[in-house]
Amino acid sequence: MKPAPFAYHRPNTINDLVALVASCENAKLIAGGQSLVPMLNMRYVIPDHVIDLNRIESLNFIRENNGAIEIGAMTRQCEIEHDQLIARRAPILQDALRHVGHLQTRSRGTIGGSLCHLDPAAELPGIAALYDATLHIAGPRGTREVNIADWSLGYMTPALEPDEVLTHITFPLWKEPHGHAFLEIARRLGDFAIVGVGCLLALDRNGAIARAAISLVGVSTAPVRLSDTEAALIGQKPTESTFKAAAEHARTIECLEDAQISASYRQRLAGVLVARALKLASARAEITK
Amino acid sequence: MGARYFGASVPRIEDPGLLTGRGRYLDDIKLPGMAEAAFVRSVHAHARIKHIDVTVARNQPGIIAVLTAHDLGVAGKPMPQFAPSPLIKQQRTQHVLASEAVHYVGETIAIVVGDTRAAAEDAAALVEVDYDPLPAVTDLRTALDGDAPRAHEGAPDNHIATMRTKFGDTDQVFARAVHVFRETITQHRGGCHAMECRGVIAAEDEISGQLTVWSSTQAPYMVRRMLAPWLGLDESRVRVIAPQVGGGFGPKGPTYPEEFALAQTARLLKRPIKWVEDRREHFVATTQQRDQIWDVEVAADANGRMLGVRGRCLHDNGAYLPYGLILPGTTMASFPGPYALEALDITLDAAFTNLTPTTPVRGAGRPNVAFMLERLADRIARELKIDRADVRRRSFVRKDQFPYATGTKARDGSPIVFDSGDFHSCLESAVERFSDFRSRQEEARKEGRYLGLGIASYIEDTGLAPFEGATVKVQPNGKVLVLTGAAGQGQGHHTVFAQIAADLLGVPIEDVSVVSGDTGSFPHGIGTVGSRVAVLGGSSVHMAATRVREKALKLASEMLEAAEADLVIESGRVHVAGTDRSIGLADLALRLDGVAGLPLPRETEPGLGATAYFEGRALTFASGTNLAEVEVDVETGTVKILRYVVAHDCGRLINPMLVDGQIRGGVVHGIGNALFERMIYDDSGQPVTTNYGEYLLPTATEIPRIEIIHIETPSPLNPIGVKGAGEGGTIPAAACIISAIEDALTPFNVCIAEHPLSPERIADLIDGAKAT
Amino acid sequence: MTEQTAPMRERITLTVNGTSVEGLVEPRQHLGDFLRQNLGLTGTHLGCEHGVCGACTVIVDGHPIRSCLMLAVQADGANVTTVEGMAKADGTLHPLQAAFRAHHGLQCGFCTPGMLTTLHAFLSANPNADESAIREAISGNLCRCTGYESIVDAALAAARIMQGGA
Amino acid sequence: MKFDNSFVVPIPPAEAWPLLLDVPTIAPCLPGAQITEVLNPRKFKGRASVKIGPVQLNFDGEAEIVDVDDQAMTARVVAKGNEKKGRGNASATASFSLAPDPAGAKITVETELSLVGSIAQYGRGVGLIKDISNQLITQFAKNLESVIRTAAGEAGVEAPVAGKPISGLGLLGGAIKAAVTRKFSNNPS
C-alpha cells in the first residue's frame, strides 16, 4: 500500500505557496496529512505534485482579535486542544477535538486541513458553522473571504479554486454569556461521527433563551445549521418540552446514508443529540448568567 | 522436585527483544539481492478471465518480472487439498494464480516483482485484466436454492457437503417435552486481523538447491508438507521457518497461494523474493469466518432443563475449500456444549459463495455453536420466566458425571468424553459476583437507564490430535535448549516450555532457550491451531525433560557414587542431598557429548538430551461461564459494557498471567464479533469494509476490565494436567454480550438471535418490538 | 530493465534516537518505511498503512505521530524517537518497557512499539493520567492480543515510576 | 445499480430511432464522456471522467451497440471502461426502447451500472457514488432528449459539447441535493 510517485515542494512563505500552486497541474496541498496520506497510500488520490504547507510559519497562530478568535490554517489540532485562550474563550472547540481522530493524528492534523478536506463527518467544520466562521483565502488574485455557510460546494468540495489556499479562520465570539455543548455518537471514540451536534445557548435575565446556535455534522455532506430551530427557540424557557420540540425539528432533516448507516438512523440520532446538547448547554448557560 | 516455575506468573522470556524493537518479524528480514512482490488481484467476485495484458507493466522502471499462471508454469495446477474428506462433493481449491476464472474479490491473478514494493505496486496497477463478469453468489440464505447463481461456473449447485451429528431419539424426546421452542439464528463473518499481516520470503540456494521459505504462519510444517510435493521437491530440500509472528488467530493456519507463488517465482527468477500482505489485501485475501444460519429447535422439561436440540445449519465456506471440512467440522464437534442432552440431531450443509474463503478464526465453529445454544437457553428462561442461570444449572453435566460420554462421536467413531470439569462451580463463582444485580437493574430502570446481565457457558475441545514433539537438551555450558515444532504467535509458548523444562532440570529459567517453528531444527510438527500447544507441546517438553532428568540422575549417580534416590537437582547442579558433593549439568552434558577415546557409560545414548512426542489420543475439555453487565442507551442503541466476569477452567495453570492474557484477548475478540466487526459485501460481492475506519476492531476505550476466576480441574489425559486456553475467551463472549443486551431490553420485549449488533440495529430492534 | 528515468529523490537530514542521520528518499516514501528500510530500525511496525492501527507510532519533536502518515521528506530536520531509542544505552529498560513485561502488556509484540511510543509521549506530558485518560490515549492503537487491560495496568505502573514513586 | 429514465420527444418513432443509434451523437450526452476512436459504426473507443470529492477518476473503454431490433425499436449499448490508474472498472448496459406516444415518441433508457475495484470498496462512499451515478445518467437522458429535439429541429435547445468535462460542481451539487433530499420510507416516529 504505497503511494504512486509524485513531486514534492516545500514553500516557506504564502507568496511562494501561491506561486507554486498556480504553476503545478494536478497538485495536492498537504497540511497535517492525516486524511490525505491514507488516500495517497491507498491510491485513491494520485497527484503529480504534493505541496507541503508545514514550513509556512505564518499559517500557525491562535489569537484573539476584535472579538473573534483567529486560527491559522496550519495550527495543529493538538495545539488548539491544549491552548489556554481557546479553553477560556471557545472551549467547545476543545470538546469537539476530543472526538477528532486520536492522540497521534491530532499531533499532525490541522484545522485548515480539516476544513479543506471537508469530510462530511468532520467536527471542526461543524464548529466553524456554529460560530458563523469566516474563511480567509489567498490566491493569485489577492485575498478574499468566504462565510462558512458558502464553503461547501458538495461532497468534500470546498469553495476553493485550484490555485487558492486557505490561510486562516475567524470565529466571531459571542458577546453574551452562554453555555456550550458538543455531543457525538460514533461507533468508537475517535471514529467518524455518525452524528455530532454542537450547541451554543444564551439565556436572558428571565431565564428564557436569548440566542441559540445548533450545528450538526455527519448528517449531510456539509455541516448543517438548524436556523429554523434556533429561531423557534428564542424566547422559550429551556425545559424538556422545548428541547423535545427542537429534537423533533432535528429529526426531519434530510440525511446521508452509506453502507453501514441509514439516513433514518442519522435522523434519530440528530433528534436525540440536539435535545441532549440543548439541555447541557442550557445548564452551563445557567451558571454563566 | 518442587515446582518452582510451573503455576507461577513468570515474566516471559520472549519479551526483552520485543520491547526494544528487536523482534524479528517477517518484514524485518532482508536478504542480499532480495526483490519485492505485489499481486494483481481480482476486482470481481466472479468472472471469466478473457485476457491478461502485462506488456505495459513489464516495461515499468524497477520491474523485474510480471508473471501470470502460464509464465509461472502453474496454470491448471490447483493447490492441493489440505484436509481431504470423502464427504466433500465438490473438491475446489484455489489456483496459485487464476488464469481462467476468478471466484472472489482478491483472488491472485499475477505476481509482479520489482526492486521495491512501491515499484511493484506501480506496475501491478498497469496490468490489464479483461474480465467477463458472471453472476455472483453473495447471499448465504439462498446459496443452495436451485435457481441461485453458481459460485463456480458449470457446477451442479453450490453444495459442498452435508455433515450430521446425532445421538438419542430426538423424535421421542421432542414428542414428550413440555416445551419446544424454535429459533432462527444468524451469525456474520469477521476477519483475523492479527496486527501483523501475512508475509512470505522465498529463497533458493543456488549451490545446494535448498529452498527456504519464511512465512508468517501458524503451521510451518504444514506449509512444507503442502509445498514440497507441489514443487516436485523432496521434503528435505524445503525448509520452512516461521519467524516472530505477530498474531495468528487461526487464519495464519492454512497454506495460501502466495506461499506457492513466492516459492515458484524465487526458483524461476533465481533470487530471493519477499511479499508482505498489506492491510487492504488482508481484508480480501486472508480467510475469514463465522457466517452461519441456524434453524433449530430446543426441547425442555417443565423446569426448563434442556432435553434435546435439533435442526439445521447453513455454513458459508466462501469461494474455495482451502481447509477441507475442518471449519464446519469444528462446528459439529462443539455439541452438545456443557449440556447433558438426551438427544441431539444437527445437520450442517456447507455452501460455496463468491466471498473470501472461510477457515477457522479464533474459536472456529465453537463460538457459533455456543451462541446458538446460549440463545436457546436464554429463550427457555424467557419463555418459562425463570432465572437464566437456572436453565444452565438444571441442564449442565454434573461434576459427579465426569468422565462424561456426551453421546457424540469423534471422527474415528470413538465416543467423545468430557475428561474432567466442574461446570456448576464455574457458573456459581461468576454468578455470585452479581448478587445485587437485579435490584440495581430495577432501580436503574426507574431512572430510565437500561442495565442488562448476560450469561453464556461453553466447553472447548482442546489438545487436538495428533501430536507435538520436543527435544530437550543440556548443552555443554549447562544451559538448556528446547527444540520444538510448535510455533507461537504471541501466546508465550517459549516461556511455558521453559518453565516446564527449568523445573524438571533444576535450572533457572534464564538458562533455558527455546527454538520453534523451523522445520530445519526439529523433524515433526503440526501447528498452533485449536488450543493444542500447551497440551501437546507442553506435555512433550515435560516428557523429554523428564527423560533428560532421569538420564542426568543416572549418570550423576554413577559419577558421584550415590544412590539416585539421594540426588537432587538445584541451580544447574546435581547434589547428593545432605552433602557438599555435586556435579554440574554442564559436566554431565560434556561427558555425554563424548570425548574421542573415552567410551560413553554403558546403555547410554550420546548427549544429555531426549526427544519425545506427546500424542493427543483424546480431547481434553476446557469450560467456563461468562457474565457481562451492559447498559443500553435505548434512544441511540449504543451499548456500554460495564463489567465482565469470566469463570474459566483450563485444568492446571502453567502460567496464570499468560492464561489471563489469553482469556482477555479472546473475550475482546468475541466482543468485537458481538458489537463491532462486520465484513460487509455488496450484492455483487464487492467488499465495502476494507479499511480500519470501516471495519471496526475493539479499542481500549470501548472495553471494560475483565475479571477472571480460575477453577482448576486437572485433565487426567496428559502428564501436566492442562487443557487448552487459547480460544476459551472468545467462544462465549459474543453470546454473553448479546444475552446482556437482550436482558437490558426486556421491558421492550426485544429478542435477539444475531450478531454483530450495531447501535442502529439495536435501535431498530427496539422500534420493531414496540411496534408489535 | 527499462531506460526510464529513476524517480526523483530528496536528501534529508534528521535526528533519530539522538543520532544525526542522512537519507535519500523518494517523496512518496513515508517515515515508517524510511526508518525500517533506510535505517534498519525495524522496531517500528506497519500494521495498516492508513493511519488507524497505531503500530507505526514514533515520537517526532515530542509528539506521538503515525509514521505511515508522515512523508519521510517532511521529517527533514526533525527529532525522531523510535522504540529502539527508549531503553538506556546500557540496555536498562525504560520504566514503560519494564512495566509491560511485568504486567504482560504484550503478546505477539507487533503493536507494542506503537503502544510504548504513544504512552511514552503521553505520560511525559500527562504524568498524572488515570485509567480512563490512558485508555483514551491508546484508543488509536489497535491490539488484537491483550484486550488492552494489561497495557493499561503497565502504563499506570510505569507512570508511578516515571514520577519517581514506588 | 439500476436506473430508469424516460422522456418524450416531439417526433415520430421512425424519425427518432436512427438518431438514437448514432453513437457519435449520443455518447457525448454522458457528462464527462467523449469518443476517442471509431472502430466501426457500432463500436467505439472512448473516455469518461468523473470527480468524487478529492478523487478524480478517468475511465478508458469501449462502447458497442448490440441487439439492435429495428422492428421492435430496441437496442442496447454495452460499455465498459477501466480506470486509468487502476482504481477500478466500470461497466454499464443501457437498454433503449422507443414506443409511440401521443406527443411523439417515448424513449425509455434502463441502465445497469456496476463498479468494481477500490473505488467500489469504500463503504462511506457507497451512497454517494450511487447518487452521483444517478445524477450522471439522469443528465445523460436529459442531454439525449435535447440532442434529439435539436436534431428534430426544435429551436432554443442547446446540444451538449462533445468532450466537455463533467459539469463539475454544478453536477456534483446536483448529486448532493439528490442525496440530501431523498425521502426515506423507514422514517422512525
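Which pattern does chain D follow, read along the sequence? The order is β-α-α-β-β-β-β-β-β-α-α, with 4 helices and 7 strands in chain D. Helices (H or I, at least four residues) and strands (E, at least two) are DSSP runs, numbered from the N terminus.

This is a predicted model, in which local features need pLDDT of at least 70 and side-chain atom pairs count only at pLDDT 80 or more, while totals for chains, interfaces and linings use all residues. Residues are numbered from 1 along each chain as its sequence is written, chains are lettered from A and ligands numbered from 1 in the order in which they are written, and side-chain values use heavy atoms, with hydrogens and water left out.

Of the 189 residues in chain D, 44% are buried (under 20% relative accessible area, 1.4 Å probe, protein chains only).

Chain B and chain C meet through 62 residues of chain B and 49 residues of chain C, a contact being heavy atoms within 4.5 Å. The table lists totals for this pair.

| Item, chain B and chain C | Value |
|---|---|
| Buried area | about 4300 Å² |
| Salt bridges | 8 salt bridges |
| Polar contacts (both residues at pLDDT 80 or more) | 28 residue pairs |

α17(B) gives the largest share of the side of chain B that touches chain C, 8 residues. Buried area is the accessible area (1.4 Å probe) that two parts lose on being put together, summed over both. A salt bridge is a side-chain nitrogen of Lys or Arg within 4 Å of a carboxyl oxygen of Asp or Glu; B:Arg705 and C:Glu131 form one (3.1 Å, N to O). A polar contact is a pair of N or O atoms within 3.5 Å; within protein, one must be able to donate a hydrogen and the other to accept it, and residues adjacent in sequence count only if both atoms are side-chain atoms.

Definitions and conventions: Buried < 20%, exposed > 50% of the residue type's maximum accessible area, 1.4 Å probe, protein only.
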